[in-house]
Amino acid sequence: MLHSRTDQTARPAPARIVAALAGLAMLGACSAQEGPPVDASGEMAGSLDIPAPAGSAAAEAERDCLLVVWEQQVSPDREFDRANDPAEGGLISCATGTSASQFEAALTALREAATGEDRDALLGEIGVPLLYIDADGNRRDMMETDLAEREFTEVFSPEMLALMRSLDLRDMTVVPDQGGFFELGAIWLSPGEPGGRPRVVTVNRQALAEAAAAATTTEGETSS
């Protein structure tokens, strides 16, 4: 479910990445609605193959978006991308302009960096400027040089590192023009170029606290 805060916490992806893919998705939806062929007399020509009413437009859009993304990549992982393109909120390729395998590579690197508490590795996965939202909702654009020892510890708190260690592609929600997010927008990733590897563009400690509170409430309701 898309959280109402998402339009306030993410950095939009470059418009050129998603614009072409949105057109392809619309084309796929339209082509799926074309009528059957007829001959010169106006009678229906040949046998009529009735397409599946559900999912055909989405499947066509997925195929087209992935083709566009793969054209931007040297060695696309087509099998993985096809299997993992659907996500909460839509298709990864259509919404973000890159592929599931590129997101998986970024998430793997983040998990490893967070597990080792490797500052340099974490900084290497950040897109600058990084939008940082503290526990009180205060927003700040941060460059890599801003992430000195104190600021780095604040942004990448123990709770945020714990979330990064558990990042799973299956838990990601995508939003067109913005990227993919986890835990109500605690972390957002977005590619900088078509077909490219996503980087962390938003760290939101306020959203992380809200997600933790919501999880606690759900656990309490389940156990009662």
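These are some friendly notes on the predicted model above, from the overall fold down to single residues.

1. Ground rules. Residues are numbered from 1 along each chain as its sequence is written, and side-chain values use heavy atoms, with hydrogens and water left out. As this is a predicted model, local features need pLDDT of at least 70 and side-chain atom pairs count only at pLDDT 80 or more, while totals for chains, interfaces and linings use all residues.

2. Overall picture. The protein chain has 10 helices and eight strands (DSSP runs numbered from the N terminus: helices are H or I with at least four residues, strands are E with at least two). Of its 224 residues, 40% count as buried (under 20% relative accessible area with a 1.4 Å probe, protein chains only; exposed is over 50%, and partly exposed lies in between). Among contacts (heavy atoms within 4.5 Å) with a separation of 6 or more, 63% join residues 24 or more positions apart.

3. The core. The largest nonpolar core has 34 residues (such a core is a set of buried Ala, Val, Leu, Ile, Met, Phe, Trp, Tyr and Cys residues joined through side-chain atoms within 4.5 Å). Helix 6 gives the most to this core, with seven residues. Leu122, Val155, Phe156, Met164, Leu167, Ile187 and Leu189 have the most contacts inside the core. Val155 is worth a click: leaving aside residues up to four places away in sequence, Val155 touches Leu130, Tyr132, Met142, Leu147, Met160, Val203 and Arg205.

4. Ala114. This residue lies in helix 6 (residues 100-116) and is buried, with a relative accessible area of 0%. Beyond residues up to four places away in sequence, Ala114 touches Leu122, Leu161, Met164 and Arg165. The C-alpha atoms of Ala114 and Arg165 are separated by 5.7 Å, although the two are 51 residues apart along the chain.

5. Strand 3. Six of the eight residues of strand 3 (residues 126-133) are buried. Strand 3 pairs with strand 8 (residues 198-204) in the parallel sense and with strand 4 (residues 139-142) in the antiparallel sense, over four bridges in the parallel pair and four in the antiparallel one (two strands pair if DSSP finds at least two bridges between them). Tyr132 takes part in both: Tyr132 stands opposite Val203 in strand 8, and its bridge partner in strand 4 is Arg140. Strands 3 and 4 form a hairpin with five residues between them, and Gly137 in the turn has a positive phi of about 90°.

6. The largest pocket. Its volume is about 160 Å³ (the space filled by probe spheres set on grid points joined across faces, edges and corners). On a 1 Å grid over the protein atoms alone, a pocket is an open set of points where a 1.4 Å probe fits, with protein on both sides within 12 Å along at least five of seven lines; lining residues have an atom within 4 Å of a point. Of the 10 lining residues, Asp171, Thr173, Phe181, Glu183 and Leu184 are the closest to the pocket centre.

7. Two lining residues. Thr173 is found in strand 5 (residues 173-175) and is buried, with a relative accessible area of 9%. Not counting residues up to four places away in sequence, Thr173 touches Glu88, Gly179, Gly180 and Phe181, while Asp171 touches Phe181 and Phe182. Asp171 lies in the loop between helix 9 and strand 5. Asp171 and Ala87, 84 residues apart in sequence, are 8.2 Å apart in space, C-alpha to C-alpha.
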